[in-house]
Amino acid sequence: MKKSIKLDNRLKEIVKILGKNEIVVDVGCDHGYVANYLIEEDLAKLVYATDISKPSLEKNIEFSKLRGNENKVISILGNGLFPVKDKNFDAVIMAGMGGELIMKIIDDAFDFIQKKTLILQPMTARVELRKYLGEKGFKIEKESIIRDGNKFYEIIRAVPGEKIESTSFYYFGNNLVEECNETLIEYVEFLLEKNRVYLEQANKSNTEKSMLQRQKLTKEIEIFKEVLNECKS
């Protein structure tokens, strides 16, 4: 009997927030751990695993064959979601890539994914991504934060729905602020301290760029303080 696939905490949380679906697309599948895990844990009947990198996709193909899932994990070489343009699927995973790239992939494929569930784990441009999702007709149904050492990972579940208007919402999902768990508090404190350091550096310059940076940092510091006060009240 083959051993269960072991996922790290970040990937476990991605799978958890995804839930059970019929057909899933894993964009940038790399080794294929998530794709194969979904099949073996009966969380999906079929997974399209795509990657723009041939060497990365070959890792997934090899791993899927090793696990005996090559007929249920369909490996496709290609850019973004173009390889599944004519396929039926319920949900899309885009994890471990920049928020800017995620937005571009959504833009390029918007016509055929606007009614799908999106599981997103951006490494950058998180605030911009949340704003973008609202503008594109998605609502953030749920968010989660996972800590791994000194790194924090934000995982977003976005579904078609009404945009939520809230400044703090662009920084943290509403459910996170409502729950105010220890990881969120640690994360906000981490961001607050980082912004204070950046603000101190920006105060040493009088350029227009530094002035705009100071305004942005000051605004964010106030938002972070408000969230902490709400969590600790």
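This is a predicted model: local features need pLDDT of at least 70, side-chain atom pairs count only at pLDDT 80 or more; totals for chains, interfaces and linings use all residues.
Residues are numbered from 1 along each chain as its sequence is written, and side-chain values use heavy atoms, with hydrogens and water left out. Helices are DSSP runs (H or I, at least four residues), numbered from the N terminus.

**Helix 1 and helix 2**

- Helix 1 (residues 9-18) packs on helix 2 (residues 33-40) at an angle of about 50°, and their axes are 11 Å apart. Axes here are lines fitted to C-alpha atoms over the stretch in contact, with angles running from 0 to 180 degrees between N-to-C directions.
- That makes helix 1 oblique to helix 2; angles under 35 degrees count as roughly parallel, over 145 as roughly antiparallel, 65 to 115 as roughly perpendicular and the rest as oblique.
- On the helix 1 side, L11, V15 and L18 make the contact, and helix 2 brings V34, Y37 and L38 (contact means heavy atoms within 4.5 Å).
- Sorted by class, this contact of helix 1 with helix 2 has six nonpolar residues, no polar and no charged ones. Ala, Val, Leu, Ile, Met, Phe, Trp, Tyr, Cys and Pro count as nonpolar, Asp, Glu, Lys and Arg as charged, and the others, Gly among them, as polar.

**Helix 4 and helix 5**

- Helix 4 (residues 99-113) and helix 5 (residues 126-135) sit with their axes 9 Å apart, at an angle of about 20°.
- Helix 4 and helix 5 are therefore roughly parallel to each other.
- From helix 4, G99, I102, M103, I106 and D107 meet E128, L129, Y132 and L133 of helix 5.
- The class tally for helix 4 with helix 5 is six nonpolar, one polar and two charged residues.

**Cysteines**

- The count comes to one disulfide, taking a disulfide as a pair of cysteine sulfur atoms within 2.5 Å.
- The disulfide joins C180 to C231, at 2.2 Å from S to S.
- The link of C180 and C231 is left-handed, with -75° about the S-S bond.
- C180 lies in the loop between helix 6 (174-179) and helix 7 (182-202) and C231 in helix 8 (residues 208-232), so the pair ties together parts that are 51 residues apart in sequence.
- C180 is buried, at a relative accessible area of 16%, and C231 is buried at 15%. Buried means under 20% relative accessible area, exposed over 50%, partly exposed in between (1.4 Å probe, protein chains only).
- C29 is buried too, with a relative accessible area of 7%.

Key
Helices (H or I, at least four residues) and strands (E, at least two) are DSSP runs, numbered from the N terminus.
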